[in-house]
Amino acid sequence: MTGPAVPDATPRYRVGEVAARLGLTLRTLKYYEELGLVAPQRSGSRYRLYSEADVERLERVRRMRALGLSLETIRATFTQPQERDPEGRQVLTPDALRTLEADLSGQLEVLTGRITAAERELRDARALRRDLERDLTYVRRRLSGERVGDLLREADPPG
């Protein structure tokens with residue numbers, strides 16, 4: 001019985017190839033390296049060389065970022081203790097999962113606050129748009145020759 005396939009750790013891809021394959025910029029790859037999210041090997045002439053395992057890890061980082069996870073959360077995920085599950089996969093330990101849960105919960109609270117603020121700003125913007133549309137209609141009607149008294153009576157009907 002064999003375990004799951006392990007990604008090849010033999011370096012073979014240059015930074016430009018990895019950037020093109022993953023749709024990332026060269027600067028992003030360098031930044032991810034600076035953060036310790038990936039550690040490519042160096043050739044004799046100091047070129048960064050990525051293994052298939054490095055590329056898979058970067059693809060995972062890319063997907064996590066696309067889902068809105070912060071780089072700090074991603075880095076924490078990669079540095080948390082792991083263990084092998086019964087099928088031989090590397091998984092986070094229960095303590096690591098609790099740490100990740102706390103971090104994700106905090107991010108969710110921040111995001112919920114941002115959504116609430118954005119919804120409030122959108123309501124305010126819609127109200128302002130209604131006011132501006134009313135004002136513009138008034139100005140256009142005045143420019144077309146309607147009298148102020150007629151417009152005011154229309155805006156405030158007797159009653």
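**View A. Arginine 57 over the ring of phenylalanine 78.** The charged end of arginine 57 sits over the phenylalanine 78 ring, 4.0 Å from its centre. A charge sits over a ring if NZ of Lys or CZ of Arg is within 6 Å of the ring centre and within 35 degrees of the ring normal. Arginine 21 lies over the face of tyrosine 13, at 5.4 Å from the ring centre. The structure holds zero aromatic pairs; rings of Phe, Tyr and Trp (its six-membered ring) pair if their centres lie within 6.5 Å. This is a predicted model: local features need pLDDT of at least 70, side-chain atom pairs count only at pLDDT 80 or more, and totals for chains, interfaces and linings use all residues. Residues are numbered from 1 along each chain as its sequence is written, and side-chain values use heavy atoms, with hydrogens and water left out.

View B. Helix H4 covers residues 71-79. Its buried residues are Leu71, Thr73, Ile74, Ala76, Thr77 and Phe78. Buried means under 20% relative accessible area, exposed over 50%, partly exposed in between (1.4 Å probe, protein chains only). These buried residues pack against helix H2 (26-35), helix H3 (52-66), strand E4 (82-84), strand E5 (90-92) and helix H5 (94-143). Helices (H or I, at least four residues) and strands (E, at least two) are DSSP runs, numbered from the N terminus.

**View C. The largest nonpolar core.** This core has 19 residues. Val18, Leu29, Tyr32, Leu37, Tyr50, Leu58 and Ile74 have the most contacts inside it. Helix H1 (15-22), H2, H3 and H4 each give two or more residues to this core. A nonpolar core is a set of buried Ala, Val, Leu, Ile, Met, Phe, Trp, Tyr and Cys residues joined through side-chain atoms within 4.5 Å. Valine 18 touches Tyr13, Leu29, Tyr50, Val55 and Leu58, not counting residues up to four places away in sequence. Contact means heavy atoms within 4.5 Å.

View D. Three strands form an open sheet in the order E1-E3-E2, with antiparallel pairing. Strand E1 (13-14) and strand E2 (41-42) are the edges, each pairing on one side only. Two bridges join E2 to strand E3 (residues 48-50); strands pair if DSSP finds at least two bridges between them. Glutamine 41 stands opposite leucine 49 in E3. H2 lies across E2 and E3, at about 85 degrees to E3. Axes are lines fitted to C-alpha atoms, for helices over the stretch in contact, and angles run from 0 to 180 degrees between N-to-C directions.

**View E. Glutamate 33 and arginine 46.** Glutamate 33 lies in helix H2. Leaving aside neighbours within four places in sequence, glutamate 33 is in contact with Val38, Pro40, Arg42, Arg48 and Tyr50. Arginine 46 lies in the loop between E2 and E3. Arginine 46 is exposed because its relative accessible area is 57%. Its phi is positive, about 75 degrees, although arginine 46 is not a glycine.

View F. Threonine 93 is in the loop between E5 and H5. Threonine 93 counts as buried because its relative accessibility is 13%. Beyond neighbours within four places in sequence, threonine 93 is in contact with Pro81, Gln82 and Glu83. Arginine 141 lies in helix H5 and, at 23% relative accessibility, counts as partly exposed. Arginine 141 touches Glu146, Leu151 and Glu154, not counting residues up to four places away in sequence.

Terms used. Rings of Phe, Tyr and Trp (its six-membered ring) pair if their centres lie within 6.5 Å; planes under 30 degrees apart count as stacked, over 60 as edge-to-face and the rest as tilted.
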